[in-house]
Amino acid sequence: MIAAEERVQASVGSLLSVRDLSVEYPSQAGPVPAVRGVTFDVAEGEILGLAGESGCGKSTIAHALLRLLPPDARVTGQVLLNGEDVLTMKFGRLRAVRWDEASIVFQGAMHSMNPVQRVGDQIVEAVRLHRPGTNDRQGQAQVGELLERVGLPARRARDYPHELSGGQRQRAMIAMALACDPKLLIADEPTTALDVMVQAQVLSLLKELQRELKLGLIFITHDLSVLVELCDRIAVMYAGRIVEEGPAEAIFERPAHPYSWGLSGSFPRIGDPEYRRAPGGLPGDPPDPQRLPTGCPFHPRCPRAFEPCPDTDPPMYPAVHGGFAACLLLDSKLNPEGARA
Amino acid sequence: MGARRYLTAKVVQALFTLAFVLVFNFFLFRILPGNPAQILARQRRLPVEAVRELERDFGLKDPLPQQFVNYAGDTLRANFGISFKFRRPVGEVIQGRIWPTVLLVGVATIGSTVIGLLIGIYGAWRRGSGFDMGSLGFSLVTYAMPEFWLGMILLILFASTSGLELFPLGNIRTPGGPASGIAHLLDVGRHLFLPALTLILALLGEYALIMRSSLLDVMGDDYIVTARAKGLREAQVLRRHAVPNALLPTVTLVALNLGFVVSGAITVETVFSWPGLGLLTVEALQAPDYPLLQGLFLLFSVAVIVANLIADLIYGYLDPRVRVA
């Protein structure tokens, strides 16, 4: 396909370029595909949103980017970080790249910090590891700076994680992620466990930091409405594959893939009376990755499925919003009336 | 801060338990069948008046509340009565036998903890490896083995005339052997080896199993992924993040066990004629020597309570979350 080749071309010079990334977990009943041939790019200072229901493989991608998956997971493809393939580099080089070039803000800050170590010590650990010359005083000072940068008083460095609230913990986690000035930040559902007010604060903090530090940011969430406000581009995932990719605004307003219609309809637009009368949302559950439907994996739940869908796995087609979508409705031969109804 | 309140609460709790033990220890021996005076005068055809006099001397005819007050007062003044068997104050008798047990239990606890934890850590780290499988089987077998049986097997293999005769059969030192200096220490060491080995083997299986499962548990936690993501080596992840968290349940178990090990050394001390509190308990039971037993029971209970307290304190030190609760 011409489209896919164009996208490969576009990768030159980007901060992160992921090519045909696949992840399989072993199981008694044979390998389970969690991610199936995902390709995307993140440029320096760009925010990419990764959206999808739970189980679609978005967290697996986050972990695969720094090779943090369990050793029995089979990972293929390429993850080029500043031109170096993370998946094939030596372990020593990998350790040096981790956190220094790309760091992760994990889902649920509750458990992603060591409960028996002071917050400051956990941050200093990362600094010292990648900047071996750092002495105690410099380390302390840097921790204080980092904490203040994320809106926490420097004295919080002496607290244990359980002494912080959920929002504070997530702020501390962000401070830790920034400890080595990475160029890429991967935020894996960083606001999921927080209540709405705190969510908004953490989001605006992330956005502010991203702009200030010119970070490349991958923001992973199931909440499409969050991504619209935050991201430059959005990739929508379904069943381990990117099914639509394009400019954030356009995907939310004029999605080309029926799954994205459902996903953007799944979240109430506050103050929109239309939504009250006609809630969208998707019927059914995401498919079991071990028993994916034939053809387009979305066709059993798709309100617009037609004859070729159960037999043909759709490639990416250019969509009207300037991005791409994997839907046969966009195939001018199969669906001559055009993409949009 | 929270730390001081935590400490006070734990100490008060321990004192309450101690008070309860004191009461229980008193009534336990009143319920036991047999007239102590009769036992004291056993096999001696004492005239009735003499028995009466004994009863009076020991305060056995006083009303129960009076007896309790006497007992509690005496105990608080560290007066535990006169041993029937040794005809000496119970405190003195126990004092003479406490150090062999402290030595044996101390060496066994340190040995089994260090070895057990290391086996557990290495097994969990190399899960599914030959070492893991082997140590798992070894731990289960030694855990299940009765220690007196293990002790007898070791005796037969390494001390008896039909075995290797590498070690002495029993006791803490060679009678008439060196009483001081390096020669004395070596002599005690030779005597200590087999009973300590028996206890170490009996204890370490449990520690290894707990440490292994605790560490495997912790290795699946999110902060371990964070630690890896930061770029730490596997060994650093293990040492700085996994082990400190995995130690929490294990250390509690070790400290709790310490209290029971003191009394639990009874069978091992008996097998090796180790002149400690365990052997003393058996001797007191055979007599039966009620005041001595009462004193020993009190001591064993105190050991358990103190071990509990130590466990609480260590846990509070290792886990900052506990101090607040």
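User: How do H5(B) and H6(B) stand to each other?
Analyst: This is a predicted model. In it, helix H5 (residues 90-125) of chain B packs against helix H6 (residues 130-144) of chain B at an angle of about 140°. The cut-off for roughly antiparallel is over 145. H5(B) and H6(B) are therefore oblique.

User: In which hand does H5(B) pass H6(B), left or right?
Analyst: The axes of these two helices of chain B lie 8 Å apart. Where H5(B) passes H6(B), the crossing is left-handed.

User: Which residues in H6(B) does H5(B) meet?
Analyst: H5(B) brings Ile119(B), Tyr122(B) and Gly123(B) to the contact. Their partners in H6(B) are Phe131(B), Asp132(B), Ser135(B), Leu136(B) and Ser139(B).

User: How many charged residues does the contact of H5(B) with H6(B) have?
Analyst: Nonpolar residues number four in this contact of H5(B) with H6(B). Polar residues number three. The count of charged residues is one.

User: How far apart are the C-alpha centres of domain 1 of chain B and domain 2 of chain B?
Analyst: The domain assignment gives chain B a domain 1 (2-31 + 98-324) and a domain 2 (33-79). The distance between their C-alpha centres is 38 Å.

User: Which helix gives the largest share of the side of domain 1 of chain B that touches domain 2 of chain B?
Analyst: Five residues of domain 1 of chain B contact seven residues of domain 2 of chain B. On the domain 1 side, three residues come from one helix, the largest share. By class, that side has four nonpolar, no polar and one charged residues. The helix with the largest share is H1 (residues 2-31) of chain B.

User: Which helix gives the largest share of the side of chain B that touches chain A?
Analyst: The contact takes 18 residues from chain B and 23 residues from chain A. On the chain B side, the elements giving two or more residues are helix H9 (222-229), helix H10 (234-264) and helix H14 (320-324). The largest share is six residues, and it comes from H9(B).

User: How many polar residues does the side of chain B that touches chain A have?
Analyst: This side of chain B has seven nonpolar residues. It also has seven charged residues. The polar count is four.

User: What share of the residues of chain B score at least 70 in pLDDT?
Analyst: Where pLDDT is low, predicted coordinates should not be read in detail. Chain B averages a pLDDT of 87. The model scores ipTM 0.86 and pTM 0.81. The share of chain B residues with a pLDDT of at least 70 is 95%.

How values were computed:
Residues are numbered from 1 along each chain as its sequence is written. Chains are lettered from A and ligands numbered from 1 in the order in which they are written. This is a predicted model: local features need pLDDT of at least 70, side-chain atom pairs count only at pLDDT 80 or more; totals for chains, interfaces and linings use all residues. Domain bounds come from an automatic or database domain assignment. Two residues are in contact if their C-beta atoms, placed from the backbone, lie within 7 Å. Helices (H or I, at least four residues) and strands (E, at least two) are DSSP runs, numbered from the N terminus. Ala, Val, Leu, Ile, Met, Phe, Trp, Tyr, Cys and Pro count as nonpolar, Asp, Glu, Lys and Arg as charged, and the others, Gly among them, as polar. pLDDT is the predictor's confidence in each residue, from 0 to 100. Axes are lines fitted to C-alpha atoms, for helices over the stretch in contact, and angles run from 0 to 180 degrees between N-to-C directions. Angles under 35 degrees count as roughly parallel, over 145 as roughly antiparallel, 65 to 115 as roughly perpendicular and the rest as oblique. A crossing is left-handed if the near helix is turned anticlockwise from the far one by less than a right angle, and right-handed if clockwise.
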